[in-house]
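Please look over the sequence and the structure shown here before reading the report.

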Amino acid sequence: PTSLDLAIVPGDGIGPEVVAEAVLVLQAVAADAGVTLATTEHDLGARRWHATGETLTEHDLDALRAHDAILLGAIGDPTVPSGVLERGVLLPLRFALDHCVNLRPSRLFPGATSPLDLDRVAPEGFDLVVVREGTEGPYVGNGGALRVGTPQEIATEVSVNTAYGVERVVRAAFAHAAERPRRRLTLVHKHNVLVHAGDLWRRIVEAVAGDHPDVTVDYLHVDAATIFLVTDPGRFDVIVTDNLFGDILTDLAAAVSGGIGLAASANIDPSQANPSMFEPVHGSAPDIAGRGIADPTAAILSAALLLDHVGLPDQAHRVTEAVAADLASRGSEPRGTSQVGAAIRARL
Ligand code: IPM
Ligand code: MN
């Protein structure tokens, strides 16, 4: 591309601080690549909700749809009742923009500090990506409560899995696995208990595997997958799983690969009908917001995923390598948000 038109959603808490550093990185590499970069900020999150009572309107969605891609900081704030912004802004963005593929890579950068005894459990390091379904599962709000507040209360949260939704994410996961050196795909579910959804996922993976004889497929129950993520993370290449299992596994994967401060994600509409959205896996961290100490690395790595997605893989690679170089030389001195951002830009 010769130009790139981005929507920036700084959002809540540390979102604006980390996104500002990611935008500076994007500006630097776009300039070098001769790409004209336009950025438009969109005001979503706690401030807007307090001022107007609005979360995400049709008008917001129309405005966002006009951009090539979206970079988002974080959504969620303790001054807003729990769930209002998550279910009013973040999830509707993913749902309305058909972000069925939630791509969450987790690789061990040299220099990153893992709580694992890596010499023992991952002597060769690890490099995995979780392909989390992003539009269905228990996230859709299909459920209800009866006799609330009584001893007879019943709450249901029904996981929705459609053949259409599962097939499109499974196809994307296979396509992704086919492009990676090891070409391995692990379906993670719990089909010994969640028989209906589990069976649908199993059959669809089996069917799509027929189109990818070059990809090796295996299966793990989600509980077993958590064990292996800690005891043998190197066994994983691509994991495909549902929305909730993917949410949980990617926090664990982030923790073992150096912390949530490094974990990046891409919310992708593979049909390209809608702009894809790139965001750090971490939340708004209100406890440290406004202090200039949040690590912008996850936001910067999310910007790298964005560059890759919009057809600038060389620039994406430059950013990832700059982050890798910075991580490799990180000392124990605490650094602020803008210091880390500047150090990474200096390594581009
Ligand atoms: C994430 C977050 C969100 C999710 C929350 C904030 C709704 O935890 O992006 O992983 O559960 O998807
Ligand atoms: Mn999460």
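## Basis of the model

This is a predicted model, in which local features need pLDDT of at least 70 and side-chain atom pairs count only at pLDDT 80 or more, while totals for chains, interfaces and linings use all residues. Residues are numbered from 1 along each chain as its sequence is written, and chains are lettered from A and ligands numbered from 1 in the order in which they are written.

## Helices H1 and H10

Helix H1 (residues 15-33) and helix H10 (residues 297-309) have axes that come within 8 Å and cross at roughly 40°; helices are DSSP runs of H or I with at least four residues, strands are runs of E with at least two, and both are numbered from the N terminus. Axes are lines fitted to C-alpha atoms, for helices over the stretch in contact, and angles run from 0 to 180 degrees between N-to-C directions. H1 and H10 are therefore oblique to each other, given that angles under 35 degrees count as roughly parallel, over 145 as roughly antiparallel, 65 to 115 as roughly perpendicular and the rest as oblique.

On the H1 side, Val18, Val19, Glu21, Ala22, Val25, Leu26 and Val29 meet Ala299, Ile300, Ser302, Ala303 and Leu307 of H10, where contact requires C-beta atoms, placed from the backbone, within 7 Å.

## The nonpolar core

The largest nonpolar core has 97 residues, and Val131 and Ala303 have the most contacts inside it; such a core is a set of buried Ala, Val, Leu, Ile, Met, Phe, Trp, Tyr and Cys residues joined through C-beta atoms within 7 Å. H10 gives the most to this core, with 9 residues. Val131 touches Val101, Leu103, Val169, Ala172, Ala173, His176, Val238, Ile239 and Val240, when residues up to four places away in sequence are not counted.

## Loop residues

Arg183, in the loop between helix H6 (163-179) and strand S8 (184-189), has a positive phi of about 50° although it is not a glycine. Ala285, in the loop between strand S12 (276-280) and H10, likewise is not a glycine and has a positive phi, of about 40°. Arg183 is partly exposed, with 17 other C-beta atoms within 10 Å, whereas Ala285 is buried, with 21; a residue is buried at 20 or more such atoms within 10 Å, exposed at 12 or fewer, and partly exposed in between.

His67 is placed in the loop between helix H3 (58-65) and strand S3 (69-74). Leaving aside neighbours within four places in sequence, His67 is in contact with Asp5, Leu6, Ala7, Thr40 and Pro275.

Notes
Contact = placed C-beta atoms within 7 Å.
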